[in-house]
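User: Hi! Could you walk me through this structure with a few questions and answers?

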Amino acid sequence: MFTGREVSTTAQMRALETKAIQDGRTSGLELMERAGAAVVAAILCKWPNYHRHSPGLPSRAIVLCGPGNNGGDGFVVARLLAGRGWKVQVDLLGDPDSLPPDARTNHDRWRAIGPVGRITPNGAECYQAEVLVDALFGIGLSRPLANSLWNVFDGIYDAVHSSSGGPRSPSVDHVVAIDVPSGLCADSGRLLAEDDLTVWGADLTVTFGSLKPGHLMADGPDLCRDVVVADIGLPGWPPGPRIHRLVRGKIIKPDGHKYDHGHALILAGPSGHGGAARLSARAALRMGAGLVTVCPPQAAMPDHIRPPDALMLRPVDTAEDLGKLLEDSRITALCLGPGCGVDRADLLLEALLDSGRAAVLDADALTALSRRPNPFAGLPKGCVLTPHMGEFARLFPDLAERLNALPTRGPAWSKLDAARAAAARSGVTILLKGPDSVIADPDERANIHSAFDIPWLATAGAGDVLAGMVTGLLARNFQPFDAAGMATLIHARAARLFGPGLIADDLPDMIPAVLRNLA
Ligand SMILES: NC(=O)C1=CN([C@@H]2O[C@H](COP(=O)(O)OP(=O)(O)OC[C@H]3O[C@@H](n4cnc5c(N)ncnc54)[C@H](OP(=O)(O)O)[C@@H]3O)[C@@H](O)[C@H]2O)[C@@H](O)CC1
Ligand SMILES: [K+]
C-alpha cells in the first residue's frame, strides 16, 4: 500500500503491475477497470454538479482513446460515465484490431453501448462537452509525437481553449488526463513532441499507484495541474531505489549545550561581498546550529560589525588560517561559496576537503571545484553540492548536455536521472536546484521537490540562504541527504508563507514559523 509520498518511475510501475498479476493478486483487466473507475470518481469529486444534471440535459464527455492501455482505461471511463447517464462520444486514434488485449476487451464492451469514431483532423470542430478525457498516451510514450498529428492535435487544442461562441463552435469545459497529459513523458516531465506540435494539458490528471517523476518536474506541473493519485490495489514500494516527493519532515532540537547542536563556519568573501555569507550564516543559525561563525578575510572584518549579534567572527586569509581553525573539533560543518569569489574559494577548498568535515559547496566553490583536474577526488562523504543548472553544467558538462538534448525516445532523460548520475560520480549528495529540485545521493535515493507555485523564490540571495540552511543542519549532525531535503522543504515553505515581494533577507526570519508548523 502506498502512502502518498512515493514517486515511481514508469519502469518501477510496470514491474509492480507485472508482479501483482504474476502473483495472481489481480489481472490486467481488473487493474484497468479500477483505473477507469478511479478516473470517473475523480471527475465526480472535482465537479460534483455534473452528475446532478436533469435527465433531459445529461452531462457530456468526449473520450479520446489511444492505441495502448491508456486508451483501454478511456473505454472503461466511457462505459462508466454512460452508465451514470452521461452522453459520451468515443473517438479512437488508430485501429481497433491493433489494441492490446485488455484495451481491446474494453473497446468491445463499449461497442455494446455506443459507437467508436475515428480521431480525424477536423473531428474536434464539433466537440461540445463538459469534459474531454485524454486517454491517448500514458506511460507508454516511446518516442516524440510526430508532426503528422499536428492537424489532429491543433483541432483538439482549439476545442479545449475556445470559449463557446455558438452552437457550431467547439467547446470543452475541462480536460481530464489519464495518467499523464498526452505528449508528456511520465519519467521526465518533458514534452515528447516534434517541433510545432501543440499539446493541451489538463485541469485534472488521475494517475495510479503513485506519482511519477514527470508530474513534479519540468513541464509536468503546468500541464497536469491538479493531480490525483488513485489507489488501484497495487502493492507498495516498487523494486529499485526509492524516490520520495518532499512534502513533510520533522526537526526536533533535543536538549543540550550549544556545542551539542554543532558549530558552523561560513567562509565569507572580500570586502563589499560579505552579504551572501551573512545570509547563509543567519539561515544556519535559524536552522538551529548551536554556534555560527562568519570567516571573512581580515580586511573585510569591519563589514561584519553589525547584527545579528549571535553571529561570531573570525578572520581567515589563508588555507593555513582555515586549517588552524579546523583544529577545533567542535566545528562540525562548513559552507564555502556564497559571495566568496572563485579565487578565494580555490584557495580554501583543499584545507576544507582535507579536514574531512561535512560541508556545503555552493556558488563559487562549485566553479573552483570544476577547475580542479579531478573535481571529485577527496570529497568527504558529508559534502553536499548545491548547483543550479548553470553550475551543474560546469561540473558535469556531459550530463547537462544529455539533459538538454532534444529527446528522441521515451522515457526521456530527466533532471532526476542527471542528479542521480552526478551523485554516483561525485560520491556525495547533490541538491540540483530549480523550481523542481532534486536531491540525490550516491545510494541512488532521491527526493523531488516541486515549487512552481512560488516564482518569487527566484530572487538574489535565495540560494545563499538555502546553502546556509543545509549547513546548519549538517552542523547539527543531520545526514547530508536529509539535511539537503529538509532545508529545501523549509526554504520553499518560508517563501510561500512570506508571499510575493519576498527578498532573500526575509527568508531566515520566516524559518521559525515554518519550524513551528512542521508536521
Ligand atoms: N500499472 C499501471 O500503471 C497501470 C496502467 N494502466 C494504463 O496503461 C497505460 C500504459 O499503457 P501502455 O503501456 O499500453 O502505453 P500507452 O501510454 O497506452 O501507449 C502505448 C501505445 O502508444 C504507442 N505510441 C507510443 N509513443 C507513440 C508516439 N510518439 N506516436 C504514436 N504512437 C505512440 C505505442 O506504440 P509502439 O511504441 O508500440 O509502436 C503503443 O501503441 C498507463 O498509462 C495507464 O493509463 C492501467 O490500465 C492499469 C494499471
Ligand atoms: K493520457
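Predicted model: local features only at pLDDT ≥ 70, side-chain atom pairs only at ≥ 80, totals over all residues.

User: Is Ser148 buried or exposed?

Analyst: Let's count the C-beta atoms around this residue. Ser148 has 9 other C-beta atoms within 10 Å, and a residue with 12 or fewer counts as exposed. Therefore Ser148 is exposed.

User: What distance separates the C-alpha atoms of Ser148 and Leu197?

Analyst: Along the chain, Ser148 and Leu197 are 49 residues apart.

User: In the open sheet of 7 strands, which strands stand at the edges?

Analyst: The strand order is β4-β3-β2-β5-β6-β7-β8, with parallel pairing. Each edge strand has a single partner, so one side of it is left without a neighbour in the sheet. Those strands are β4 (116-118) and β8 (226-230).

User: Which residue of β5 is the bridge partner of Leu64?

Analyst: Strand β2 (residues 60-65) and strand β5 (residues 128-135) run parallel and are joined by 5 bridges. For Leu64, the bridge partner in β5 is Asp134.

User: What angle does the direction of helix α2 make with that of β7?

Analyst: Helix α2 (residues 28-46) packs on this sheet, where it touches β5, β6 (171-178), β7 (204-208) and β8. The direction of α2 makes an angle with that of β7 of about 150 degrees.

User: Which are the edge strands in the open sheet of 11 strands?

Analyst: Here the pairing is mixed, and the order is β1-β9-β18-β17-β16-β15-β14-β13-β10-β11-β12. An edge strand of this sheet pairs on one side only. The two that do so are β1 (6-7) and β12 (312-313).

User: Which helix gives the most to the shell around ligand 1?

Analyst: The shell has 13 nonpolar, 10 polar and 4 charged residues. Gly68, Asn69, Asn70, Gly138 and Gly140 come nearest of the 27 residues around ligand 1. At least two shell residues each come from α1 (10-22), α2 and α3 (69-83). With 5 residues, the helix that gives the most is α3.

How values were computed. Residues numbered from 1 in each chain as written. Chains lettered and ligands numbered in written order. Pairing = 2+ DSSP bridges. Helix = DSSP H or I, 4+ residues; strand = E, 2+ residues; numbered from the N terminus. Contact = placed C-beta atoms within 7 Å. Axes fitted to C-alpha atoms, helices over the stretch in contact; angles between N-to-C directions. Near = placed C-beta within 6 Å. Nonpolar A, V, L, I, M, F, W, Y, C, P; charged D, E, K, R; others polar. Buried ≥ 20, exposed ≤ 12 C-beta atoms within 10 Å, placed from the backbone.
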